[in-house]
Each structure stands twice: as structure tokens, then as C-alpha cells.
Amino acid sequence: MTRFAWLQARTQTLSIAGALAILAVAAAVTGIHLSHLYDNLVASCLASHNPCGAATDQFLSHDTFLQDAFTLLMRLAPGLLGIFWGAPLLTREFESGTFRLAWTQSVSRSRWLVTRLAMSGLVVVLIAGLLSLTVTWWYRSIDLAGTNRYDVFDARDIAPIGYTVFAFALGAFLGAVIRRTVPAMAATLVGFVAVRVAFIEWVRPHLLSPLHLTTSLLNADRFGFGSNNGSDVMMIARGAAPDNAWQLSSHLVTNTGRTLTPAANTAFLQQHCSAISFPPPAPRGGGRVLAKLPDANAFEACRAQAARLFHLSVTYQPAGRYWTFQWLETGLFVLLAVAALAGCYWWVTKRAS
Amino acid sequence: MSAPALETVGLGKSYGRRWALTDCTLSIPAGHVVGLVGPNGAGKTTLLHLAVGLLRPSAGTIAVLGETPHDDPAALARIGFLAQDSPAYSRLTVAQHLQMGAWLNPSWDAGFANARVVDLGFDVRQRAGSLSGGQRAQLALTLAVAKRPELLLLDEPVASLDPLARREFLQTLMEVVAEHGVSVVMSSHLIADLERVCDYLVVLVSGQVALTGDVETLLASHHRLVGPRRDDLSMPANQSVIEASHVGKQSTLLVRTDDPILDPAWSVTPVNLDDVVLAYMRQARDGAAAAAPGLAVAR
């Protein structure tokens, strides 16, 4: 059965392997060039202890097309493998009636299914792994030059493998249930995107309890005044998490630790910052208005007074947890994949008769 | 003799609320070429799928070659199945199909399969997707037979073939039966397809068995009686009327009896298989509600 499963997966496997090989060659050539550029522009600058912003920007402006292409490919590949490999895996057998041929050879249905899922699943994982390895390797000097790795979390390292396993399993399961290729593909797309979005929005930020940090308003990343959608003019400030951390939130808090309410915020401005001439509030439904740069002395006085009464509370996941998050996300997606595969197995061997 | 090729007791299969097969009880001895006849939607395909384990019964039991067909490799090896429209992997070549058969069946007869493909004049490198309907049916039959099964189940194998391909297919089938002594159950909605090759008949109508029996016996025990009009059809106890029609002063009956017909009022003529099958089909269709006495099931 293994040989037959390979025969059925061979053409697809070889064509994707060919595409992957071309991609790897392109990545190797440009990637080596990029790391030379990094050494010449950024590394040498860092060694000289000069400010390197300009050198870094110059380096990052290279191969921007490839940067975009690789990131896009990395984000799309798992879903595409699920839609175009997972979903049709079984629907093609159902639509052409060949499942009746396959299931009446001297092989049990469960062995047929497990072998086909394992063969294709293995190939798909291998493809995702090699692709991620290639892209992650290609990006290594760019990432070193100034990427927060949390920003490219789903396009590097092992997380894409988890996504791919899940997309493939979801496709196979929906294919077994729906039995028609195009609807199964559509359902896989919808399901996969829904789960990915739900993960980003609701699951990933809560996988580990975040760290908190309080910082003075004088160290604020951004400080200013503005009004949004009809509200009164308020003080706006944002604190910075440590370098390369994943910042979840930043709030203005009072010295007793309470979040500053909009009313208290406005009241503070009226009381202590009357020297600043604020523009009228933005009209309701009219977007936001930011205050024009006020008189510098009044601005600093206001800020100093605010720093005495309030500070910033920042929640974040530190840079050092990156790999923990990668493993957690990958593991959870693999678990979801296992559930989908179990559902597929149950449906085909027990239900579909 | 070994276990019956196919034996069912009270067999039923429902798809949701619709019953495709109800209370089907029959026993087909091994060593026959059995025609499974019935109009479209009579439950022929359902019965064959139950027999090969593609479906599981909703009611009753089914045994094939003495075993319950249930997704078991050893049981599957004893049955050759040819699904309706002879499915094949359109992107795989003829040779790859034979390779599949060899990989997936322990008792695969490569010699037979290869010789068969040569006889049929196939280019083994040709993809199944480019074969004609007749060629695909022949390929599917080759795959089913090269398993060396004890029982071949063929679901409407010739329905979509042109007359020439139909004849060639049945010719191949007869050769296989003669050479390997395999039992065959073949479904069709056309009696003409089966008449030439079958020696046993099962008639299914609306999910129920309307008639089963050895073809020769069926022909010998059915007679057409023509005589003066008689609306009162009280016949001797050993004769049952399957169908009666009255035109003018004349009545024509199709009667089943194992004994000679003695009433001199009737002129008795023999019947052909077509007449018998059609009579039972009409009777089952018309009298499905009121189970007529003539609807005795023969064994």
C-alpha cells in the first residue's frame, strides 16, 4: 500500500520538490550576497561604534522584492498546501468513483486511509520544513539587522510547519466529509483562516502570562495630546517594552496603580496644562485631531507635571520567550491536526458507509 | 458444495429515511453466473455494495462466501468487484493499474493480467483517462479477475458500452468463467444483456426480491396460457397466475406451476426469460401494496 500511496503522490511531490529546488538556489545565491552586504555595511559599522541607522537602512533596502515575496510565500504556503493537497486527497477518489476500486482491493479501508494520509502528510511536512528552513536562512542577516522576531513569528522557524500540518489535516477531514473538491477547498480556506486569526487574536497572547513594566512618562516612547472621534483633548502616551519584546499593551496609570480614565485625563490637562493652547476637539465621527506642537516650555512643564502624577504600565512578552511561543504554537496546531486526522479516520472507516 | 455465493436474511439498507433495499432474503449457490435484474433504482447497486462491504446493512444480515463482508483484507481477496462505470485512476497508466493490483492483492495473477492486456491490444503506457468506455470496462474486469477471486460482483458492467464493446466484454467474462470456474453476480436493467450469459436470476423491484431461481427451472415452470375469456381466475392450487390480460373474448395468462396443465380450455405455449422477468416486474410494481398470492419467492 505504501508503494501505491507513493505512486499517487509522486507527480505532485516531484513538481513541488522541483519548485522548491529552484527557490532554494535563488535563495542561496541572493542570501550569500545579502550576508556579504551585512558584513560590509552593518557589521563593520557596529564594530566601529558609530551610529548605524543609515547603514542599516541602506542594507535593508536591498532585495526588497525578494523580502516581500518570501514573506508572502511563507504566509500562504501552509494554507495552499491544505487547500490544494489536503482537500483533494480524498475528494478526487470520491468524485471519480475510484474509492470503490481502492476499497475493494485486498486492503482494509483503514490501512488504505492511514497510508495515504501518512504518505502525503509526511511529504507536505517535509515541504513546509524545507521552505521554512530556506526562508529563515535567507532572512537571517536581515533579521539580525533589526527585525523584531515576533513581527515575523508566523513566517519563520517551526510555526509554519505546525500551520501546514493543520491545514493539510483539516483539508483531508473536510474532503472526507464533503466529498466534493471545490466545496472542500473553500471550506478548508475558510476554516484555516478562521483558526489562524482566532489564534492570533485570542490564543497566542494568553499562552504565557505577560510581564509588566512601569516606566516614567519622561521615558515615554511617544507623548502628545490629541482628540479622537468627538472626545475631549487628552494626553496620549505610549511606553516602550524592552528591545525585541512583543508589546501587548501600554496604559497611563495613576500612582495608585489605577488606569487613568478619560475624564481624569482631561481634567488633568485643564488643571495643569492650561498654558498650552489646544485646538478644538475633533468632531464626532470626524476622526482624530492631534494637537499642533505647542510652546516647548509649556509642553515640557505639562509633561513634567504629568510624570509626577502618572506613569506608564506596559505589558509584554520578552524576547527570550520567542522559542517557547514557537514551540507552543506549533504544538497546538499539531494537536488540532491530530484531532482533524482522527475525525477523518472516524468518518471514512466508521461513518461513510 | 461450498458456502452459498451470496446469502441474505431480511437484509435492508436505508439512506436516511429512504429504504433502498427492504427485507431482502435470498440464497444464491456458488458456481453460477447470476443475473441481478431490476429497473433503475431497484436496489441492485445497493445489494452489490453491501456484498462487497462498501456499505453496511441497516437491517438483517448478509454473508458472501460464508463470511460477513466487513472491510477485511482476507475476505476482500476472495471477491472481485467491478463498480458501475468501471472507475479507474485517469492519471495512472494501464501498467500502473496492474502494478496497483499486484501491490494490493496477495493472490494477484500477473501472468493473466499481462496476457489479458496484450490480448486486448492495450498500450500499457496509456493513461486510463484516455481509454474508451469499453477499454476501461475491460481494464476494470482484468483487475477484478486477476485478483483470482472466488466470486465476481459486476455492477452494470455493460450499461454504458456500445453493442460491440458489450459483446466483447461478455465474451471475456464467459472465457474467465470457463477457465477459472468463478461465480459471478452481474447486475443489469436489461434482460437482453444477461440472457446470453446467465444461468441464474434474481429480480429486484423497488428494493425487494420479486423472483429468484435457476433460469432453466424458471423457464420450465412458467407457461403462457391462451384461451376463452375468463375473468374469474380461480386456478388449481398448484398453479399461480403471475399476470393476466384480457382482450375481447380472449384471456392470456402467465402461470407458474411445476405440474402439467391439464385444463383443455387453454392452449399452452412456452415463455422466454424476457416475458417472465417483465411479468414479475409489473406484478411487483402494481401489486406492491397488495401482496398477491403469485408473489411466492422461488428457491
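**View 1. The two domains of chain A.** Domain bounds here come from an automatic or database domain assignment, and the model to which they are applied is a predicted one. In chain A this assignment gives domain 1, made of residues 2–206 + 321–351, and domain 2, made of residues 211–317. The C-alpha centres of domain 1 of chain A and domain 2 of chain A lie 42 Å apart. Where the two meet, 5 residues of domain 1 of chain A are in contact with 4 residues of domain 2 of chain A, and the domain 1 side of that contact divides into 2 nonpolar, 1 polar and 2 charged residues.

**View 2. The contact between chain A and chain B.** Chain A contributes 17 residues to this contact and chain B contributes 23 residues. On the side of chain A that touches chain B, helix 1 (2–47) and helix 4 (98–102) of chain A each supply at least two residues, and the residues of that side comprise 6 nonpolar, 8 polar and 3 charged.

**View 3. The largest nonpolar core.** This core holds 148 residues, of which A:Ala169, A:Ala172, B:Val34, B:Leu153, B:Val203 and B:Tyr280 touch the most other members. Helix 7 of chain A, residues 159–178, gives the most to the core, with 13 residues. When neighbours within four places in sequence are left aside, A:Ala169 is in contact with A:Gly86, A:Ala337, A:Ala340 and A:Leu341.

Notes: Residues are numbered from 1 along each chain as its sequence is written. Chains are lettered from A and ligands numbered from 1 in the order in which they are written. This is a predicted model: local features need pLDDT of at least 70, side-chain atom pairs count only at pLDDT 80 or more; totals for chains, interfaces and linings use all residues. Two residues are in contact if their C-beta atoms, placed from the backbone, lie within 7 Å. Helices (H or I, at least four residues) and strands (E, at least two) are DSSP runs, numbered from the N terminus. Ala, Val, Leu, Ile, Met, Phe, Trp, Tyr, Cys and Pro count as nonpolar, Asp, Glu, Lys and Arg as charged, and the others, Gly among them, as polar. A nonpolar core is a set of buried Ala, Val, Leu, Ile, Met, Phe, Trp, Tyr and Cys residues joined through C-beta atoms within 7 Å. A residue is buried if 20 or more other C-beta atoms lie within 10 Å of its own, exposed if 12 or fewer, and partly exposed in between; C-beta atoms are placed from the backbone.
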